[in-house]
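The sequence and structure are shown first.

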Amino acid sequence: MATNFKFIPVIDISPLLAKCNDPKMAEDPGVSEVVRQLDQACREAGFFYVKGHGIPDSIIKEVKSVAHKFFELPYEEKLKIKMTAATGFRGYQRIGENITKGVPDMHEAIDCYREVKEGMYGELGKPMEGRNQWPSNPPNYTELMEEYISLCTGMLCRTTLSSFHLIFHVLSTYNLQFFLLLLDLSRKIMRGIALALGGSPDEFEGDRAGDAFWVMRIIGYPGAPTSNGHGPRNDIGCGAHTDYGLLTLVNQDDEITALQVRNLSGEWISAPPIPGTFVCNIGDMLKIYSNGLYDSTLHQVINNAPKYRVCVAYFYETNFDTAVEPLEICKQRTGGAKKFGRAVYGEHLVSKVLTNFN
């Protein structure tokens with residue numbers, strides 16, 4: 001459960017990454033310290049920054065740069081990849097099209113999901129069936145985003161052969177060293193969180209998240225109106241909400257503070273950008289798995305700066321059709337009773353998606 005935290009901690013996860021595939025990782029002092037910090041951050045705030053994550057700064061910056069270039073395009077150009085139900089809710093959405101608790105959000109975005117083939121998840125997955133829509137302009141957008149997703153997810157080790165060749169082709173534009181530095185960053189952070197909860201490192205693999213679904217939103221927030229603006233407008237870039245899945249990694253523009261996290265007393269705590277880091281937060285499914293030891297904290301975005309702001313939010317989820325319920329070890333730590341009922345991630349996602357748009 002979140003506390004009256006006043007700041008969001010920064011955690012150097014490099015010791016965790018260095019030992020993450022070691023069978024004895026839990027015995028390593030460096031890993032133990034990272035696990036302790038993860039546990040404290042998840043219990044007290046549900047948010048934390050990570051540094052030492054191994055993702056090259058060059059690609060972190062380039063992803064934001066091409067996002068800015070896309071959002072600067074004429075509206076008609078952006079509409080070429082318009083999001084509809086027929087596209088599996090993938091593609092571009094205009095400002096005000098996303099809805100949070102009945103109020104239009106002052107942002108535009110490109111929504112992407114792990115691609116779902118026809119019949120892949122039966123009736124459960126039918127609304128999400130489709131392929132991602134990538135813009136043809138800027139020219140390198142598709143390749144860059146495919147690479148970025150593979151870095152965040154580590155999907156390379158679990159993908160099909162044809163997709164492997166596609167990703168390898170993209171990565172061949174860089175050098176072999178960069179290819180070898182591919183990190184399944186989210187999975188490794190979750191291994192640390194599994195230890196923090198008192199479980200085994202692979203608690204969130206296999207049937208729970210061994211075939212993890214993912215979501216990525218490339219989001220643009222207009223700057224605050226000047227005194228010459230045309231009348232009042234809603235200044236909430238994204239209304240107060242929690243995230244749906246396990247873990248979110250946010251890559252936000254430098255120098256613009258807009259993300260806010262609510263503490264227990266209702267105070268909004270700013271999460272300013274820190275160069276070289278991702279902002280991470282836990283989602284609804286991890287709250288259930290932890291039986292409430294960790295909470296999915298309310299957060300919102302208000303861009304009061306005059307400059308346009310971009311962020312790229314990557315959501316690492318459970319398997320799409322996984323039935324999520326409190327872990328046994330977490331029930332024992334919270335008195336032995338389940339505090340939450342069973343939830344299927346795909347049902348949770350679809351229910352949100354179907355009510356989220358104008």
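The following paragraphs describe selected features of this predicted model.

**Strand S9 and its partners**

Strand S9 spans residues 247–252, and six of its six residues are buried, so the strand is largely enclosed by the rest of the structure. Both of its faces are covered: one side carries Leu-247, Leu-249 and Asn-251, and the other carries Thr-248, Val-250 and Gln-252. S9 pairs with two strands, S12 and S14, as listed below.

| S12 | 278–282 | antiparallel | four | Leu-249 and Cys-280 |

**Cysteines**

A disulfide is a covalent bond between the sulfur atoms of two cysteines. With a cut-off of 2.5 Å between sulfur atoms, the model contains zero disulfides. The cysteine sulfur closest to that of Cys-42 belongs to Cys-280 and lies 9.2 Å away, which is too far for a bond. Cys-42 is buried, with a relative accessible area of 1%. Cys-330 is also buried, at 0% relative accessibility.

**Helix H3**

Helix H3 covers residues 57–71, 15 residues in total, and reaches 22 Å from its first C-alpha to its last, close to the expected 21 Å. Its buried residues include Ile-59, Ile-60, Val-63, Val-66, Phe-70 and Phe-71. Lys-64 and His-68 of H3 are likewise buried, as is Ala-67.

Terms used:
Residues numbered from 1 in each chain as written. Predicted model: local features only at pLDDT ≥ 70, side-chain atom pairs only at ≥ 80, totals over all residues. Heavy atoms only, no water. Expected span 1.5 Å × (residues − 1). Buried < 20%, exposed > 50% of the residue type's maximum accessible area, 1.4 Å probe, protein only. Pairing = 2+ DSSP bridges.
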